[in-house]
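Biologist: Before we start, could you take me through this model slowly, and tell me on what grounds each label is given?

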Amino acid sequence: MRAILDRELKAYFRGPTGYVFSAFLLLFVGIYTMVYNLKSYLANFEYVLDSMSFVFMIIIPFLTMRMISEDRKQKTDQLLYSLPMSTSKIVLGKYFASLLVLALPTAIMCVYPIILYMYGTINFLTAYSSILAFFLLGASLIAVGMFISSTTESQVVAAILSFIAILVNFFVSDLANFISSSSTASFIAMAIAVLLLALIIKILTKNGLFAVILAIACEAVLALLLYTKPAIFEGLFPSILKGFSLFERFYRFVGGMFDLTSIVYFAMVSMIFIYLTVQSLEKRRWN
Amino acid sequence: MIEVRNLTKIYGDHVAVSNLTFSIQSGHIYGFLGPNGAGKSTTMNIITGCLAQTSGEVLINGYDIFEEAEKAKKLIGYLPEEPPLYQDMTTIEYLDFVARAKRVPKWERSDQIYDIMQTTQIKSVSNRLIRNLSKGYRQRIGIAQALIGRPEIIILDEPTVGLDPKQIIEIRELIKSLGKTHTVILSSHILSEVRALCDIIMIISRGRLVACDTPENLEKLFTGTASVELRVKASELETRRALSHIEGVTQITYKASETDGTADVLVETEGKEDISEKVFFAFCDIRKPILRMNLVTKSLEDVFIELTSDKKEPDFETLGGGAEEDSEAADAPAGRDDEEKGPGKEPAPRPDGNIIGDAEGNEE
């Protein structure tokens, strides 16, 4: 795993990727610090992170697009497959390398609250827990991007898909406010979501029967719940959307709440997508 | 060393490898020979664990390539069809990465890389970016990569494709020298290459193993008749009379030259016995000179074409008496077919060894 990690890390900093990533992130930190802290005489660094979290939409796809797809393109995946090393170690090596690339600018960010402290009053706990959440948010998004990169051979496609995925994640909590919170609307939305999920499962596993059975079972449960306890569906879909949103979780830290469940959630999302990436690589051997 | 049992790989509805069974003994160079798309690369990818089989099993020194992947993969060095090189690294960085990934202990890493660079003659490019190197060097780095970790088995998928003739010769020399210390399996669709390099040839056609033997045995086994080609200074009548005393002669073709009174004669026999000595004395008796005499055996190319042609597949029983260490492999059921090998359909025999140059030339 170390070998893969070192190679990937070197690759990031041999080309422009690592530098551009750090520079871009720090540029935005600088701009927003100037606007939110220096110009408005506030020492709340978390506001900076809050406002600039959208930058992830651009820089995460930039970081993750080549993670797996490039190996496939230049056929080095053959080497990785033939190494006496498990696929999960390969994936973890790649994942941790990009985490380190994210950790570098994040570490520099940690200096900002100290600078701000010299000129005003600052709540260090909020500032640093926000930085931690910012990093964890990035870590989860990297896992998502890595999975998307493993599904395609083209870096461009990987970048666009990752961008869309993060975009949806970013706006979903805002959009959720506009969705009707009536129980019928929630039921319909959930029913469609189940169908979509079944479709994805069918595509991934190529097992039509299993997907159909799963879909029917879930739909039946939903219908039963609607019939017996319609109150459950009241506002259910919008709150599920919000619950899924990674950005929504991050905002809690900005609001001054050190939310342990959110940390668990970030870790879980990362692990799930790392697992999916491993599966996606394993699956390619079976084609 | 390597046991492959009932290996089958199906892509969608295309059967790439069908019920392949063979075993590979240590200390030989094996050649997978077959036309493009015969399933050579697929087989190699499965043996090296890069691809999962649909059914069957592959054992490397007793370790299942799938169940005990790490142990099995440690024994194999693999060069895929396209060398899997990271273009953004220098040669030495790349080899160091592979050595670390293969968990070569730190204390012997640099020595081993140095040795391997020496063997593959890439020391002169050790600090250059792989991106900027020629195909020949990349292929060498690919082989160097396979050698790292000192695996017992080296598997090379079409190692000479896309190289210029000089590079081909160099790579072949390299493979030959590797064969002294490793078990080497290489694939190729170039006959002369396999013939020149390999101790044992495995001919694969449409996903089936159709033959597995030494080059000499393959030629011998498929020579239905032993014919002799002559140039004599004798009339047709004298020739026919002289040869009529020899047992087993089935056909005599006499073709007189128009200029110098000589004639080309083709003598065909039913058995596999070499009749050249008898022919010599027959002409001695009538005091007519033989100017040239040539034993005609079927060339490996003919065997190859015959085995891989779409029309028919040979009866596997004919290959039963192969080299001892491969009798097990030769029992493999691949290519078993009810069709009898009809001698009438065989391609015309050619003088041995003439085709090597041609076959190679076509590939460049």
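Modeller: What follows is a set of questions on the labels used for this predicted model.

Biologist: What makes the meeting of Asp88(B) and Arg14(A) a salt bridge?

Modeller: The side chains of Asp88(B) and Arg14(A) come to 3.8 Å, N to O, and because the rule asks for a nitrogen of Lys or Arg within 4 Å of a carboxyl oxygen of Asp or Glu, the pair qualifies as a salt bridge. Between chain B and chain A the count is 4 salt bridges, and α3(B) gives the largest share of the side of chain B that touches chain A, with 6 residues.

Biologist: Why is the aromatic pair of Phe56(A) and Phe134(A) called stacked?

Modeller: The ring centres of Phe56(A) and Phe134(A) are 4.6 Å apart with 25° between the planes, and since centres must lie within 6.5 Å and planes under 30 degrees apart count as stacked, that is the label for this pair. Phe56(A) lies in helix α4 and Phe134(A) in helix α9 of chain A, so the pair ties together parts 78 residues apart in sequence.

Biologist: How do you know whether Phe134(A) is buried or exposed?

Modeller: Phe134(A) has a relative accessible area of 1%, and because buried means under 20%, Phe134(A) counts as buried.

Biologist: What makes the pair of Phe22(B) and Phe32(B) edge-to-face?

Modeller: The planes of Phe22(B) and Phe32(B) stand at 90°, with the centres 5.6 Å apart, and because planes over 60 degrees apart count as edge-to-face, the pair takes that label. Phe22(B) belongs to strand β2 and Phe32(B) to strand β3 of chain B.

Definitions and conventions:
Residues numbered from 1 in each chain as written. Chains lettered and ligands numbered in written order. Predicted model: local features only at pLDDT ≥ 70, side-chain atom pairs only at ≥ 80, totals over all residues. Heavy atoms only, no water. Helix = DSSP H or I, 4+ residues; strand = E, 2+ residues; numbered from the N terminus. Phe/Tyr/Trp six-rings, centres within 6.5 Å; stacked < 30°, edge-to-face > 60°. Buried < 20%, exposed > 50% of the residue type's maximum accessible area, 1.4 Å probe, protein only.
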